Amino acid sequence: MSKMMQYARLTAAELAVLRGLASTDPDAAFDYADEVSSDWPDEAPLAERRGYGTDVEWAGLRHLLALAGPPPVDLIGGGAALSADEWAYEPPRLFTPAEVAAAAAFLRATPFGALAAHLDPAAMADVYPGGWADSPPDLAGGYRDLVAFVGGAADAGDSLLVWLT
């Protein structure tokens with residue numbers, strides 16, 4: 001079973017609602033974040049979407065970003081826990097608008113070529129749990145999409161919530 005990294009953009013008002021739910025009803029908090037992140041048409045550009053999910057490329061991108069940077073904000077493994085309750089594989093983590101802006105600036109200034117210089121398929125064989133031998137991920141496409149999504153969140157002044165499903 002593939003693990004997927006989920007991201008949700010949150011306005012200040014949405015974050016206030018989510019924090020309240022997280023402290024009183026963790027299941028409702030998850031449902032709310034899922035609802036907020038699903039609130040966009042399929043054809044909307046990534047920079048305008050409220051939610052984004054990577055497939056297995058999250059592990060490869062985390063590995064390459066660490067080798068090429070590291071970035072000032074780790075949007076894949078970092079963030080402050082919103083609660084101790086696990087949403088699938090881990091507790092949800094939150095990034096402030098300032099952290100989102102710093103991450104977006106780094107991502108926008110770092111072309112995928114800077115990451116690809118560290119790409120060694122043999123060395124990365126065990127980066128993702130279960131391996132990628134049968135179906136290597138589209139790391140360039142995943143990076144492009146992450147840059148667009150995070151950039152849109154930064155431009156809007158939104159927070160980001162992230163969790164692994």
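I looked up burial first: 45% of the 165 residues of the chain count as buried (under 20% relative accessible area, with a 1.4 Å probe and protein chains only). The model is predicted, so I note that local features need pLDDT of at least 70 and side-chain atom pairs pLDDT 80 or more, while totals for chains, interfaces and linings use all residues. Residues are numbered from 1 along each chain as its sequence is written, and side-chain values use heavy atoms, without hydrogens and water.

I then took the overall dimensions. The C-alpha trace spans about 45 × 30 × 30 Å along its principal axes.

I listed the secondary structure next. The chain has six helices and five strands (DSSP runs: H or I of at least four residues, E of at least two). Their order from the N terminus is β-α-α-β-α-β-β-α-α-α-β.

I finally examined helices H1 (residues 12-24) and H2 (residues 26-37). Their axes come within 6 Å and cross at roughly 155° (lines fitted to C-alpha atoms over the stretch in contact, with angles from 0 to 180 degrees between N-to-C directions). H1 is therefore roughly antiparallel to H2 (an angle over 145 degrees). In the contact (heavy atoms within 4.5 Å), the H1 residues include Leu 18 and Leu 21, and the H2 residues include Tyr 32 and Val 36.

How values were computed: Angles under 35 degrees count as roughly parallel, over 145 as roughly antiparallel, 65 to 115 as roughly perpendicular and the rest as oblique. Buried means under 20% relative accessible area, exposed over 50%, partly exposed in between (1.4 Å probe, protein chains only).
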